[in-house]
Amino acid sequence: MSWIDRLLDFVMPRFCPICGRRLAANESQLCSSCLLGLPYTGFLERPYDNLVVDRLYGKIRNFERGASLFYYMYDDRRNFLFDLKYHDRPEMGLWLGQEAGRQMLRTGFLDGIDAIIPVPLAPSRLRQRGYNQSELLAQGISEITGVPVLTHVARRTTFTQSQTHLSTEQRFENVKNAFLLVDADAIRHRHVLIVDDVVTTGATTTALASQLSTAGDVRVSVFSLAIVKQHHR
Ligand SMILES: [Zn+2]
């Protein structure tokens, strides 16, 4: 550890967003014990047989494979995903994307995939939040794997109401027309990876995928940072 790192650590101590403990110099975003305790799914090891695939199978045309890195529990307020989504921590999104990218390289999850498409945010939501967390994840994955990110291919047409209190059927109806394909040529005859932050019912992912499919001969795989384990209602 260089003297400059020591000095920085002294004047600007960093803290683990999950447990609040002070981070050591060799700890990047989370402390080592919280990092070990993350609810990894192991889905990248079996991308054709897991909960994401179960949730999306039959809904997306030319669906190839899917994975989530973590399980997500709504009721855990200490959940670091809560920080990623609702607090101002864009560097966490990027770092998690890099973490996912390393695992994707190791497992071959991206083999044959031509481009990464993060789920677009509505412009008003983007202004409000300052960044698109799915895009940060996608950038992190791309930095590690070299697979390009395409952000111009589709855009969000509507500012959909919060989905939290809707039933599964209502969610699908709510987002059905939420996306518009704007560059079909960029993805025709291609295999794309949709990247989302949290998959709950799969309604948002499905809506985006069906727009992308209209480009013609598009194969779709899906990666989300997290998946809600049980979705009641
Ligand atoms: Zn911690």
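Which domains does the domain assignment of the protein give? The assignment gives domain 1 (1-37) and domain 2 (39-228); such bounds come from an automatic or database domain assignment. This is a predicted model, where local features need pLDDT of at least 70, side-chain atom pairs count only at pLDDT 80 or more, and totals for chains, interfaces and linings use all residues. Residues are numbered from 1 along each chain as its sequence is written, and side-chain values use heavy atoms, with hydrogens and water left out.

**Domains**
- The centres of domain 1 and domain 2, taken over C-alpha atoms, are 29 Å apart.
- Seven residues of domain 1 are in contact with nine residues of domain 2 (contact means heavy atoms within 4.5 Å).

**Zinc site**
- Cys16 (SG), Cys19 (SG), Cys31 (SG) and Cys34 (SG) are the protein donors of the zinc ion, at 2.3 to 2.4 Å.
- Donors are N, O and S atoms within 2.8 Å of the metal (3.2 Å for Na, K and Ca); water is not among the atoms, so sites may look incomplete.
- The arrangement is tetrahedral because the four donor atoms subtend angles of 101 to 115° around the zinc ion (four donors count as tetrahedral if all angles lie between 85 and 135 degrees).
- Ideal angles for four tetrahedral donors are 109.5 degrees.
- Along the chain, the donors are spaced C-x2-C-x11-C-x2-C.
- Cys16 and Cys31 are both buried (buried means under 20% relative accessible area, exposed over 50%, partly exposed in between, with a 1.4 Å probe and protein chains only).

**Aromatic pairs**
- There are two aromatic pairs in the structure.
- Rings of Phe, Tyr and Trp (its six-membered ring) pair if their centres lie within 6.5 Å; planes under 30 degrees apart count as stacked, over 60 as edge-to-face and the rest as tilted.
- Tyr40 and Phe70 make a tilted pair, 4.8 Å centre to centre with 50° between the planes.
- Tyr40 lies in the loop between α2 (32-36) and α3 (51-56) and Phe70 in strand β1 (residues 63-72), so this pair ties together parts 30 residues apart in sequence.
- Helices (H or I, at least four residues) and strands (E, at least two) are DSSP runs, numbered from the N terminus.
- Tyr40 is partly exposed at 31% relative accessibility, whereas Phe70 is buried at 0%.
- Phe43 and Tyr71 pair edge-to-face, 5.7 Å centre to centre with 85° between the planes.
- This pair links distant parts of the chain, with Phe43 in the loop between α2 and α3 and Tyr71 in strand β1, 28 residues apart.
- Both Phe43 and Tyr71 are buried.

**Charges over rings**
- The charged end of Lys229 sits over the ring of Tyr71, 4.4 Å from its centre.
- Arg65 lies over the face of Phe109, 5.8 Å from the ring centre.
- A charge sits over a ring if NZ of Lys or CZ of Arg is within 6 Å of the ring centre and within 35 degrees of the ring normal.

Key
Tetrahedral: all angles 85-135°; square planar, octahedral: opposite > 155°, others 65-115°.
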